[in-house]
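Here's a quick briefing to read with the model open beside you.

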Amino acid sequence: MFEKTKAFSGFSVDDIPAAKRFYAETLGLEVSEANGMLTLHIAGGNGVLVYPKGDAHTPASFTILNFPVDDIDAAVGELTRRGVEFLRYPDMEPDATGVHRNAGPPIAWFTDPAGNVLSVLQE
């Protein structure tokens, strides 16, 4: 039934203009806007829908987008220069820059202006 559909994911935010600035300017993604919603244009062809929920928005407590990179130290350094603050979980031990290197690939988590959790991870 769905074997040929081009499925896409989506998530909510409480402020579309703030989300547009963050995803376009801070993260450098191509972002389009239509019908009060955003589409994040990422590699691979399918966009990610960002829709408004205003006061009804509840930030995702799990990682909604992972951004794979070749060099996590360079990516974290650039994001830090752009004002991104990295999350530090009490049961994990990140390095001084916020990168967790203990289990799995090196990864660093951060949030968008709506509080949704994102990550950058080294492939």
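Contact here means heavy atoms within 4.5 Å. This is a predicted model, so take the ground rules along: local features need pLDDT of at least 70, side-chain atom pairs count only at pLDDT 80 or more, and totals for chains, interfaces and linings use all residues. Residues are numbered from 1 along each chain as its sequence is written, and side-chain values use heavy atoms, with hydrogens and water left out.

**Overall fold**
- You're looking at two helices and seven strands, where helices (H or I, at least four residues) and strands (E, at least two) are DSSP runs numbered from the N terminus.
- Walk along the sequence and the order is β-α-β-β-β-β-α-β-β.
- The radius of gyration (over C-alpha atoms) is 15 Å, close to the 14 Å from the globule rule (2.2 Å times the number of residues to the power 0.38) for 123 residues, so the chain is as compact as a globular protein of that length.
- The C-alpha trace spans about 40 × 35 × 25 Å along its principal axes.
- Take the contacts between residues at least 6 apart in sequence: 55% of them join residues at least 24 apart.

- Of the 123 residues, 36% are buried, meaning under 20% relative accessible area; exposed is over 50% and partly exposed is in between (1.4 Å probe, protein chains only).
- Leu 27 touches Phe 22, Phe 67, Leu 79, Arg 82, Phe 110 and Leu 118, leaving out residues up to four places away in sequence.

- Val 117 sits in strand β7 and counts as buried because its relative accessibility is 7%.
- Skip the neighbours within four places in sequence, and Val 117 still contacts residues including Ala 60, Phe 62, Ile 64, Leu 87, Tyr 89 and Trp 109.
- Val 117 and Leu 27 are 90 residues apart in sequence and 14 Å apart in space, C-alpha to C-alpha.
- Lys 6 lies in the segment before β1 and, at 67% relative accessibility, counts as exposed.
- Lys 6 and Gly 45 are 39 residues apart in sequence, with 9.1 Å from C-alpha to C-alpha.
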